[in-house]
Amino acid sequence: MKARRRNKSSQKLVCRGAARAAWLLVPLLVFVVLKTTRNVAAPRARSKLTCNFSSKRMDICAMEGDVRIHGKSGTVYVVAASDDSYRLEKGMVTIRPYPRKWEIESMKAVREVTIRTSTSPRCTVTHDVPAVVFSTGAYRSNFFHSMTDIIIPLYNTAREYDGHVHLVATDFNRNWISHYRHILSALSVYPVIDFDTDEVVRCFPSVHVGTESHEEMRINPTLSRKGYTMLDFRDFLGSAYSLNHTWPPPVNRSSGQRPRLVMVLRRQSRSITNEAEALAAAKEVGFEVVAEGPEMVRDMARFAEVVRSCNVMVGVHGAGLTNMLFLPHNGTVMQIIPWGEIKWQCWHELGRPVPDMGLRYIEYEATAEETTLKDIYPKDHVLFTDPNSIHKQGFDNVWKIFLQGQNVTLDIDRFRGVMQQIYQSVTIT
């Protein structure tokens with residue numbers, strides 16, 4: 001009996017010892033598990049690349065995830081692109097980020113940006129907001145093209161970030177950046193990055209290379225990612241330049257008020273040779289007239305305020321009419337179209353966009369008697385009898401003769417009649 005009791009006591013001691021040993025092993029097992037887990041790398045997040053080369057106006061690529069830009073080499077790296085990303089031939093593709101790709105010669109002046117999905121350099125600067133890569137090259141010196149090719153597409157692409165986006169400019173031009181600083185600072189709270197000389201490797205959570213452009217001086221809301229309109233863009237411009245009088249009250253004729261008319265004057269081609277008489281005719285009709293030449297238009301902030309204070313803008317076809325963007329809502333634009341069967345081109349660039357801006361459009365088409373070409377060529381010359389034959393010779397001749405080779409001498413009686421019609425439409429009794 002005593003032996004049995006000793007055996008049972010021994011078994012209990014063994015069991016208790018084993019239990020204690022097991023509990024002592026638990027921390028060791030936890031340590032091993034944690035150590036093993038730390039040594040196993042978590043699945044790496046994949047970046048996404050999408051590109052669209054189908055538009056006739058622009059090429060554009062958008063990247064999300066780990067995106068790195070090395071400006072000086074002109075390269076954007078997409079790290080660990082996902083399987084459903086746009087497939088790049090030989091791991092790379094090039095884009096000229098300027099929305100005029102059908103003009104082959106002009107696009108040669110725009111720097112190429114290379115997008116790669118191959119090995120990338122390490123980040124030296126990390127940003128926590130997106131970037132948009134665009135170009136200030138090509139036609140940047142022309143106000144119409146600066147707006148329709150650069151500013152409007154940039155607004156359409158970058159505005160959705162509400163200022164929290166880096167603008168990265170290829171073909172960086174300091175004077176252009178300074179000239180449009182009010183607009184650029186309204187689009188981004190950060191200074192514009194000079195892509196061409198930037199030596200660091202900048203890492204972004206997302207990048208757009210190229211900007212979204214639809215048509216000349218227009219935004220198509222059905223194509224815009226955020227459904228933007230030209231009215232939205234004009235309101236944005238008004239805010240950028242702190243402009244008032246967005247919806248001015250009607251001018252009452254019986255009260256002696258005079259609607260304001262700004263005449264945008266040219267000094268070289270397509271100038272109005274009898275501008276003093278034209279200005280006087282507009283005053284006689286009842287307008288308060290403001291005459292502005294190229295030297296005044298260059299100060300955008302000042303001229304934007306002048307235009308916003310006016311009800312009507314008048315000018316011969318040219319980049320100066322682009323300032324219609326600053327007119328108040330329900331303003332009127334009158335485009336004087338030079339001789340030469342160029343009505344469609346003038347309307348397409350500076351007439352068609354007008355209604356989308358909340359403005360009214362009127363054309364004044366110069367006759368053969370109102371062009372200075374009559375002082376150079378005989379009346380039976382083909383450019384009078386068959387101007388379309390000049391068009392068939394190519395755009396270079398159209399540009400040389402009809403756009404750069406003539407001025408306009410207005411028929412003042414005819415001009416006065418059109419001014420009277422506009423006066424009646426912008427005033428009330």
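Reply: Along strand E1 (residues 48-52), the side chains alternate between two faces. Buried means under 20% relative accessible area, exposed means over 50%, and partly exposed lies in between (1.4 Å probe, protein chains only). The names of elements follow DSSP runs, numbered from the N terminus: helices are H or I with at least four residues, and strands are E with at least two.

The model is predicted, so local features need a pLDDT of at least 70 and side-chain atom pairs count only at pLDDT 80 or more, while totals for chains, interfaces and linings use all residues. Residues are numbered from 1 along each chain as its sequence is written, and side-chain values use heavy atoms, with hydrogens and water left out.

E1 has a partner strand. Five bridges join E1 to strand E2 (residues 60-70), and the two run antiparallel. Two strands count as paired if DSSP finds at least two bridges between them. Strands of a sheet pair through backbone hydrogen bonds, either parallel or antiparallel.

Val93 lies in strand E4 (residues 92-95) and counts as buried at 17% relative accessibility. Leaving aside residues up to four places away in sequence, Val93 touches Phe53, Leu88, Val113, Thr114 and Ile115; contact means heavy atoms within 4.5 Å. Val93 and Val76 are 17 residues apart in sequence, and their C-alpha atoms are 10.0 Å apart in space.

Five strands form an open sheet in the order E13-E12-E14-E15-E16, with parallel pairing. Strand E13 (288-292) and strand E16 (360-365) stand at the edges with a single partner strand each, so one side of each is left without a neighbour in the sheet. Neighbouring strands of this sheet are turned by 20° against each other on average, direction ignored. For such angles, axes are lines fitted to C-alpha atoms, for helices over the stretch in contact, and the angles run from 0 to 180 degrees between N-to-C directions. Six bridges join strand E15 (residues 332-337) to E16, and Ile337 has Glu365 of E16 as its bridge partner.

Helix H9 (residues 300-308) lies across strand E12 (260-264), E13 and strand E14 (312-316), and runs at about 155° to E13. Helix H14 (residues 412-426) lies across E12, E14, E15 and E16, at about 170° to E16.

In helix H13 (residues 395-403), Val398, Ile401, Phe402 and Leu403 are buried. Seen down the axis of H13, these buried residues fall within an arc of 155°, so they line one face of the helix; the arc is that of the directions from the helix axis to the C-beta atoms. Asp396 and Lys400, on the other side of H13, are exposed. The buried residues of H13 pack against helix H10 (343-350), helix H11 (382-385) and helix H12 (388-391).

Most residues other than glycine have a negative phi, and most peptide bonds are trans. Met217, in the loop between strand E10 (201-209) and helix H6 (230-240), has a positive phi of about 55° although it is not a glycine. Met217 is buried, with a relative accessible area of 0%. Arg270, in the loop between E12 and helix H7 (275-285), has a positive phi near 60°. Arg270 is buried as well, at 6% relative accessible area.

Of its 429 residues, 49% count as buried. Among contacts with a separation of 6 or more, 75% are made by residues 24 or more positions apart.
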